[in-house]
Amino acid sequence: MHQREAFGDIPPSWQEHDLDPLQIIRLAGPAVIGAQVAQHQRRFAWATDDWQIRTPRAAAMFALQAAIGLRIGASRGTKKIPYTSGDEILVDARDRTALQGVDAADRDVVMIWGTVHVRGIDTGLRTRGFTPAAGPEWRTVAVLPTIGTALWRLIRRSAP
């Protein structure tokens, strides 16, 4: 499911200002896309041909990978951890596209983005003269186990 569909019924007055998948592929180029595909394949290299997420070990491995990956993504957005190859396209170019939507707006704007985009969008809004009226309003969309907990669950489920 694409992120937009995850929101359910979106009011017709809402506008989406983001790169579509084909734009991302064209901008990134074959080397970056190839590296990202290889990275995703390595994440599941431990899986067998008959692997199913329903097995306890597979579910624990997936939870560990999700915990690590999402925590690194959040840290990149808030702690200035260096991006990996292709992130300029996936993050910075998408931030620029979103901010162009702000530039074109003639009424109030609501922006819904993940943590990795906060730094770039905040900088862009401040550059345009926007100032925070209040602190950020965060919504919990998922709760992940800590990396230690996810690793412990994997070890427990891998034991004979």
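Guide: Welcome! Leu125 sits in helix H5, and the model we are looking at is a predicted one.

Visitor: Why does Leu125 count as partly exposed?

Guide: Its relative accessibility is 21%. Buried would require under 20%, and exposed over 50%. Leu125 falls between those cut-offs, so it counts as partly exposed.

Visitor: Which residues does Leu125 touch, leaving out those up to four places away in sequence?

Guide: Leu125 has heavy atoms within 4.5 Å of Leu99, Val102, Met111 and Phe130. For Val102, 23 residues away along the chain, the C-alpha atoms lie 8.5 Å from those of Leu125.

Visitor: How confident is the predictor in helix H5, going by mean pLDDT?

Guide: Helix H5 (residues 118–127) has the highest mean pLDDT among the elements of the protein chain, 92, while H1 has the lowest, 63. The chain as a whole averages 75, with 72% of the residues scoring at least 70.

Visitor: And what kinds of elements make up the protein chain?

Guide: Six helices and zero strands.

Visitor: Now to Trp14. Why is Trp14 called partly exposed?

Guide: With 44% relative accessibility, Trp14 is not under the 20% limit for buried, nor over the 50% limit for exposed. Trp14 is therefore partly exposed. You will find Trp14 in the loop between helix H1 (3–6) and helix H2 (21–43).

Visitor: What makes the nonpolar patch on the surface that includes Trp14?

Guide: Trp14, Val110 and Ile112 form this patch, with about 330 Å² of accessible area together. A patch member needs over 30% relative accessible area, and Trp14 has 44%, so Trp14 passes that cut-off.

Visitor: What makes up the largest nonpolar core?

Guide: It has six residues: Ala60, Met61, Leu64, Ala67, Ala150 and Leu154. Helix H3 (56–79) and helix H6 (147–158) each give two or more residues to this core, with H3 giving the most, four. Core members must be buried, under 20% relative accessible area. Leu125, at 21%, is over that limit, so Leu125 does not qualify as buried.

Visitor: Which residues does Ala67 touch, not counting those up to four places away in sequence?

Guide: Ala67 touches Leu144, Pro145, Ile147 and Ala150.

Visitor: How much of the protein chain counts as buried?

Guide: Of its 160 residues, 21%. The chain exposes about 11,800 Å², and carbon and sulfur atoms supply 58% of that area.

Conventions
Residues are numbered from 1 along each chain as its sequence is written. This is a predicted model: local features need pLDDT of at least 70, side-chain atom pairs count only at pLDDT 80 or more; totals for chains, interfaces and linings use all residues. Side-chain values use heavy atoms; hydrogens and water are left out. Buried means under 20% relative accessible area, exposed over 50%, partly exposed in between (1.4 Å probe, protein chains only). Accessible areas come from the Shrake-Rupley method with a 1.4 Å probe; for residues, only the protein chains shown count as cover. Patches are made of residues with over 30% relative accessible area and no salt bridge: like charges are joined within 9 Å, nonpolar side chains (Val, Leu, Ile, Met, Phe, Trp, Tyr) within 5 Å. A salt bridge is a side-chain nitrogen of Lys or Arg within 4 Å of a carboxyl oxygen of Asp or Glu. pLDDT is the predictor's confidence in each residue, from 0 to 100. A nonpolar core is a set of buried Ala, Val, Leu, Ile, Met, Phe, Trp, Tyr and Cys residues joined through side-chain atoms within 4.5 Å.
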